[in-house]
Amino acid sequence: MIRRHESNLLNVSFENMNLPNSVSIYDCTLRDGEQTPGVTLQASDKLKIAKQLEKLGVDVIEAGFPVNSGNEKEAVTLISKEVSNCEVAALARIIKKDINECLDCDVDIIHVFVPTSQVQLKYQIGKEPEEIINSTIEAVNYVKDHGVKCVFSAMDATRSNINYLLEIYRNVEAAGADVINIADTVGVMIPSSMKKFVSGITSKLKTKLSIHCHNDYGLAVANTLAAVEAGAEEVQVTVNGLGERAGNAALEPVTVALETVYGVKTNINHKYLAETSNLVTRLTGVTLSPCTPIIGENAFTHESGIHVDGIISKPSTFEPINPEDVGQKRRIVIGKHTGKSSVKKALEELGIRNIPDNMIKELTLKLKDISAKGKILTDLDFIALVQEALKLNIYEQKVKLKELVIVTGFPITPSATVKLLINGEEKIGHSIGVGPVDAAAKAIEKILDPLTQLKLKEFSLKALTGGTDALAHVSIIVEDKEGRIFRSEAVNGDIVVASVNAVINAINKAFQAKEKEVLKSAR
Ligand code: KIV
Ligand code: ZN
C-alpha cells in the first residue's frame, strides 16, 4: 500500500461514511476510453495496454464492445486469451446477439447495460419503462446460464426515477447479477447528492455495488469517491481519465486518494502509474495537461523559491505524497519564480559545490531574467549559463548538431542526412523514415547506436502557441543499456530541429551521467 503522510489528514473527517475495507478497480480504458473522440486503437495496441493494466494490478479490464466490429471482437478475444492475472470483461446491450458476441470472445465477465432515465428510454431506444424490465431480466439470466459473471449497469442511473431504478436493480439482483453498477452517464451529480443516492441503493440491495462517473462538470473523481464513502465496492475508471466527451473518472487520483486519504485498499501497484499513463498517452495520442493530478508533468515540479526552500528541508511541506510512490520524479525547475535554493540545488546536481553566495545570487537573477522573457530553459541552456557565469568548464557537449538536411514532400519518402560532431570528429548518418522526424532520429541512431546503445522510449510533441508559427516543444525519454532513464526536451520553431535537438540533448545527458559516475568513483 502507498505511504500516506498523517499530517494531510489533520482536518479530514471520516464520520458518517460506510467505507469498504477494499475497492476493486474495474478499468474501462479500452472501452469507454476508446470512445474518446478521435481515438482508435488497433488490436495489438489494445493488447499492449491490457498487459500494462495487468502489471498495474487492476482487477478487471473491460476490453471492448465486441458487437461493434470484427476488429473489436478480435481485440477482446486476444486480450481474454493473453491476460491471466485479472478478469476480462466485454460490453453488451440487453440483446442476445450482443451477449453471444461477448461469449464468443471467451471473457470472464459480460457487462450488460440498459438506459433507465425517461429521456434516454424515450429518445435513445424508444421504449416505455415497463417494456424493458423483462428483457433486462432475460439478458442477465442468459449471461448467467452460460456460466459467465454479469455486471449490470443502469445507464443514466443518476437521472432516473429512483423507484423505477430500484425496481430494475431488485430484478437483476434476483436474476443473479454479480455486480450492480450506477452510471452517472452525463456527469451531472454532485458529491453530497451522490453519497445520499448511493446510500439509498446500498441499503436496499445485497449485491456488490459499482460506480461509473463521467466528467462533464469535472466532478467524476469526487463523485466516484463520494460513492465509495456510501459503500460502493467497485469503481469503474480509465487511465488518464479518457472517455466519451470530457472523459471518465481517472484511475490515478481515484486509486491514490482511496489509499492515501481514505485508507481503503486496492490491488494497484502505484509505482507503475506514470509508466501506464505514458503508454496510454503514446498509443492514443491524447496528451495530458501538465497540471493533471498525480501523473501530469507538473504534479511534482516546483519552481517558486518559497516552495523549493520547503521541499529541500522536508518534501512533505509542499508534496502530499512521494513522487516515487507513483512512478514520478520530483523536478525543480528554473523559472521566473526561482529562488537561490533551486539554483544551488541544480548546481549540486551537476557536482558543483561551495559557490560563493553572491555568485549564486547573480546567477539566479540572470536565470530569472531570461525566464521572465518567456524562454524555456532546458538543462543544456542551464549548463551553458552556469559555465559562462562561473567561468567553469563543467561538461563539454560531446555531441553537437552541425548540419541537418531533410527531404520531404508528396509522394516521396521522407529522408534525412545528419552531420554530427562527436568529440570534435565529424560523422554523417542518412536514413529514410515514415516522416521527417522519424527519418532524422533514425539517421542519428545510425551514427550513435554503436556508441551509446540508447533506445527511444517515449516521444511527445506539444505546440506552445496556437498558430502555424507555433513553437514545437519536444520531450523525449531514452533508456541506456543499464536501464537508466534520461529525459530531455527542446524547443524550436521547426519541429524536426526540435526533435533532433531533444535527441542530441538526451545523448549528451547520457554521456554526462557516465562522466559524473567516473568523477564520483575517482573522488
Ligand atoms: O456512461 C455509461 O453509462 C456507460 C455504460 C455503458 C455503463 O459507459
Ligand atoms: Zn461511460
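Q: At what angle do the axes of H1 and helix H10 cross?
A: Roughly 170°, and the axes of H1 and H10 (residues 273–284) come within 10 Å. Axes are lines fitted to C-alpha atoms, for helices over the stretch in contact, with angles from 0 to 180 degrees between N-to-C directions. Helices (H or I, at least four residues) and strands (E, at least two) are DSSP runs, numbered from the N terminus.

Q: Is this model predicted or experimental, and what are the ground rules?
A: The model is predicted; local features need pLDDT of at least 70, side-chain atom pairs count only at pLDDT 80 or more, and totals for chains, interfaces and linings use all residues. Residues are numbered from 1 along each chain as its sequence is written, chains are lettered from A and ligands numbered from 1 in the order written, and side-chain values use heavy atoms, without hydrogens and water.

Q: Back to the pair: are H1 and H10 parallel or antiparallel?
A: Roughly antiparallel, a label for angles over 145 degrees.

Q: Which residues make the contact?
A: H1 supplies Asp 45, Lys 48, Ile 49, Gln 52, Leu 53, Lys 55 and Leu 56. From H10 come Leu 273, Glu 275, Thr 276, Leu 279, Val 280 and Leu 283. Contact means heavy atoms within 4.5 Å.

Q: And how do the residues of that contact divide by class?
A: Between H1 and H10 there are seven nonpolar, two polar and four charged residues. Asp, Glu, Lys and Arg count as charged, Ala, Val, Leu, Ile, Met, Phe, Trp, Tyr, Cys and Pro as nonpolar, and the others, Gly among them, as polar.

Q: Which domains is the chain divided into?
A: Domain 1 (19–284), domain 2 (301–390) and domain 3 (399–522); the bounds come from an automatic or database domain assignment.

Q: How far apart are domain 1 and domain 2?
A: Their C-alpha centres lie 43 Å apart. Six residues from domain 1 and six residues from domain 2 make the contact.

Q: Where is the cis peptide bond?
A: It joins Phe 410 and Pro 411, with omega about 10°. Pro 411 sits in the loop between strand S11 (399–407) and strand S12 (415–422).

Q: What is phi of Asn 240?
A: Near 65°, a positive value in a residue other than glycine. Asn 240 is in the loop between strand S8 (234–237) and helix H9 (251–262).

Note on methods. Angles under 35 degrees count as roughly parallel, over 145 as roughly antiparallel, 65 to 115 as roughly perpendicular and the rest as oblique.
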